[in-house]
Amino acid sequence: MARGEGRPEGTAALEALMGRRLGRQCLYTPSCRLALYVALRHWCGPGGRVLMSSVNDDVIFFVVLAAGLRPVQAPLDPVDGSIDVAAVPEETWRGLSAVITTNLYGNPDPVAALRARCDAAGIPLIEDAAHAIGSRLPDGRAVGTVGDAAAFSLSKHVGAKTGGFLAFAEPGLRPELTALRDALLEPAALGSEALYAVRPYAEAGVRGLRLVRAAHLALRLLGAEERQEIRMPLRAGELRRAVAAAPGLDPFESWVRVDMHPYRVAPGRVRLRRTARLLGDLDRRLALHRAGTAALLRSRWGSGHGEPGAGGTRTQPLFRVPLLVSDRDAAIAALARRHITVGYLYDPPLDVYAAGNDPDSSAAFTDPSPLPRPAAWFARHALPVDPCRADEVLRVLDGLPITPVRPPAAVTRDGAAEGSGGGG
């Protein structure tokens, strides 16, 4: 079956369920990264410039490049890694084609301020809500309901290891967005469905026996864990050739598919049945994440984020809680000894990553942040932990000779040298 002929069947119920949660139109996609690519291709013409966070998954960086767009790295708040709207230079706003939020770990970006700036500039706001199913803005609106479009992941809170949604406000766009998605799909393969069916049992079995190395090997064989380090290899020479061939996913396939080879494979019945079951259990999962988040934020390790409910806001059901610690490597090693894995690290920031060993080479792929130190400080000190294991995490951290930290005032103003104060 040729690409574009593998249209997913049986997704209407999933789209309706998610649509009721958001009050928006929802289009099922095999992954969040494909949903984001569809949004960028629809709302942005090739050659445009897109403001985004530098503390983000490198896959998203490559998705933006694959859409024929140039990433522009935004200044960030060093406490939660969100975009610092007021610190974005005016000349940057004048040259943008779109803004992508991150909602890092489920903490909402300042989307109301971003929406106002996008409206003033006449450009779309696209919400990356991969970490943020269930997160809400201070005014009570759900993350993913403010922008022109929002991309959701069912691999995170839902735990389906597959699938996503593109949410959008205008019902009239459905035929066009559906056609764009369908043209990108690859047909489901029997082997892919079989691997998906056995994956939960393989992971549970080796982890239940505490065979951590075997677990990682199993995930690599399933195409679900490929990075040997936090960031995948950039391969600058190959990337330049891919950028020259953009827009299009094919030149970027080796980067965009990392840790999720079936990211654009039409789902089969096994995937859809399991996804529907897990999505139906979402509220219970969110309650567990919310309770664990509250426990972590109440602890001394959560001091960098304030008390839950401060300022009249509710505790978010965070996908991961980014505790700010003086020695993250020591914390990761100690947690690993207790078989607690710390993932979803985004260090170094994307503009540093794009530069590799040559500080001038980042300009080939992205505009660097005008204020890089807050992002670098957050990326180095953030320890994103699973709130569902809050009690275990706190016991381990409380036994270590490390401390919680807050960004020094000089870092929040991008002033002092790296390493000044606050454990930095």
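Predicted model: local features only at pLDDT ≥ 70, side-chain atom pairs only at ≥ 80, totals over all residues.
**Stop 1: the ring cluster**

Start with the aromatic rings. A search of the whole structure turns up seven aromatic pairs. Select F62 and W255. Their ring centres are 5.6 Å apart and their planes meet at 25°. That angle is under the 30 degrees cut-off, so the pair is stacked. Now colour the helices. F62 sits in helix α3 (residues 58–66) and W255 in helix α10 (residues 253–256).

Ring pairs join F61, F62, F252, W255 and Y353 into a cluster.

**Stop 2: charges over rings**

Stay on Y353 and select R231. The charged end of R231 sits over the Y353 ring, 5.5 Å from its centre. Then move to F319 and R320. Here R320 lies over the face of F319, at 4.2 Å from the ring centre.

**Stop 3: a strand pair**

Step along to strand β8 (residues 321–324). Show the side chains. Which ones point the same way as V321? L323 does, while P322 and L324 point the other way. All four are buried. In a regular strand, side chains alternate between the two faces of the sheet.

Now select strand β9 (residues 382–385). It runs antiparallel to β8, and four bridges join the two. Look for V385 in β9: this is the bridge partner of V321.

**Stop 4: cis peptide bonds**

Turn to the backbone. Most peptide bonds are trans. Select A246 and P247: the bond between them is cis, with omega about 5°. P247 lies in the loop between α9 (236–245) and α10. Then go to D347 and P348. The peptide bond from D347 to P348 is also cis, with omega near 5°. Find P348 in the loop between α13 (328–337) and α14 (350–355).

**Stop 5: positive phi**

Finish in the loop between β4 (98–101) and α5 (111–121), where N103 is found. Most residues other than glycine have a negative phi. N103 is not a glycine, yet its phi is positive, near 50°. Is N103 buried or exposed? Its relative accessible area is 2%, so N103 is buried.

Y105 is in the loop between β4 and α5 too. Its phi is positive at about 60°, although Y105 is not a glycine. Y105 counts as buried, because its relative accessibility is 2%.

Notes
Residues numbered from 1 in each chain as written. Heavy atoms only, no water. Phe/Tyr/Trp six-rings, centres within 6.5 Å; stacked < 30°, edge-to-face > 60°. Lys NZ or Arg CZ within 6 Å of the ring centre and 35° of its normal. Buried < 20%, exposed > 50% of the residue type's maximum accessible area, 1.4 Å probe, protein only. Pairing = 2+ DSSP bridges.
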